[in-house]
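Please look over the chain shown below, following it from one end to the other before turning to single residues. The paragraphs after it go from the overall layout to the details.

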Amino acid sequence: MHEDHDHTCIICGNEKQDGIRIVTEFICESCEAEMVNTDVQDAKYPFFIHRLKQIWLQKNA
Ligand SMILES: [Zn+2]
C-alpha cells in the first residue's frame with residue numbers, strides 16, 4: 001500500500017507526512033512529541049485534551 005500524501009495535523013494545522021493517526025485524525029510528529037512531553041500541569045495540556053475530545057466526539061457522533 002502506497003500512501004505518501006500529506007496529512008493535515010489537527011493540532012497545528014500543518015500538512016506533514018510523518019506522524020500518527022488517532023481514529024480518523026492525524027497528529028504530526030512534532031505535535032505528538034510535544035503532547036507526550038507536555039506535563040498535566042502545563043497550560044497547553046487542556047488544549048491538547050480539548051482537541052482530542054473533539055476527535056472522540058466526532059467518532060461517537
Ligand atoms: Zn502538528
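Among the elements, strand β2 (residues 15-16) has the highest mean pLDDT, 92, whereas helix α2 (residues 45-60) has the lowest, 78. Where pLDDT is low, the predicted coordinates should not be read in detail.

Strand β3, which covers residues 19-22, and strand β4, which covers residues 25-28, pair in the antiparallel sense over four bridges. Glycine 19 has cysteine 28 as its bridge partner in β4, and arginine 21 has phenylalanine 26 as its partner in that strand. The two strands form a hairpin with two residues between them, and valine 23, in the turn, has a positive phi of about 55°. Threonine 24 is also found in the loop between β3 and β4. Is threonine 24 buried or exposed? Threonine 24 is exposed, because 9 other C-beta atoms lie within 10 Å, and a residue with 12 or fewer counts as exposed. Although threonine 24 and glutamine 58 are 34 residues apart along the chain, their C-alpha atoms are separated by 9.4 Å.

Buried residues make up 10% of the 61 residues in the chain, and the largest nonpolar core consists of five residues, namely Cys9, Ile11, Ile27, Cys28 and Cys31. In soluble globular proteins, nonpolar side chains tend to be buried together.

Why does isoleucine 27 count as buried? Isoleucine 27 has 24 C-beta neighbours inside 10 Å and is therefore buried, given that the cut-off is 20 or more. This residue is found in strand β4, and, leaving aside neighbours within four places in sequence, isoleucine 27 is in contact with Cys9, Ile10, Ile11, Gly19, Ile20, Ile22 and Glu32. The C-alpha atoms of isoleucine 27 and isoleucine 11 are separated by 6.5 Å, with the two residues lying 16 residues apart along the chain. Cysteine 28, which also belongs to the largest nonpolar core, touches Cys9, Cys12, Asn14, Lys16, Asp18 and Gly19 when residues up to four places away in sequence are not counted.

Glutamate 34 has its place in helix α1, residues 29-37, and is partly exposed because 16 other C-beta atoms lie within 10 Å. Glutamate 34 and lysine 44 are 10 residues apart in sequence, and their C-alpha atoms are 9.6 Å apart in space.

Notes:
Residues numbered from 1 in each chain as written. Predicted model: local features only at pLDDT ≥ 70, side-chain atom pairs only at ≥ 80, totals over all residues. Core = buried A, V, L, I, M, F, W, Y, C linked by C-beta atoms within 7 Å. Contact = placed C-beta atoms within 7 Å. Pairing = 2+ DSSP bridges. pLDDT = per-residue confidence, 0-100.
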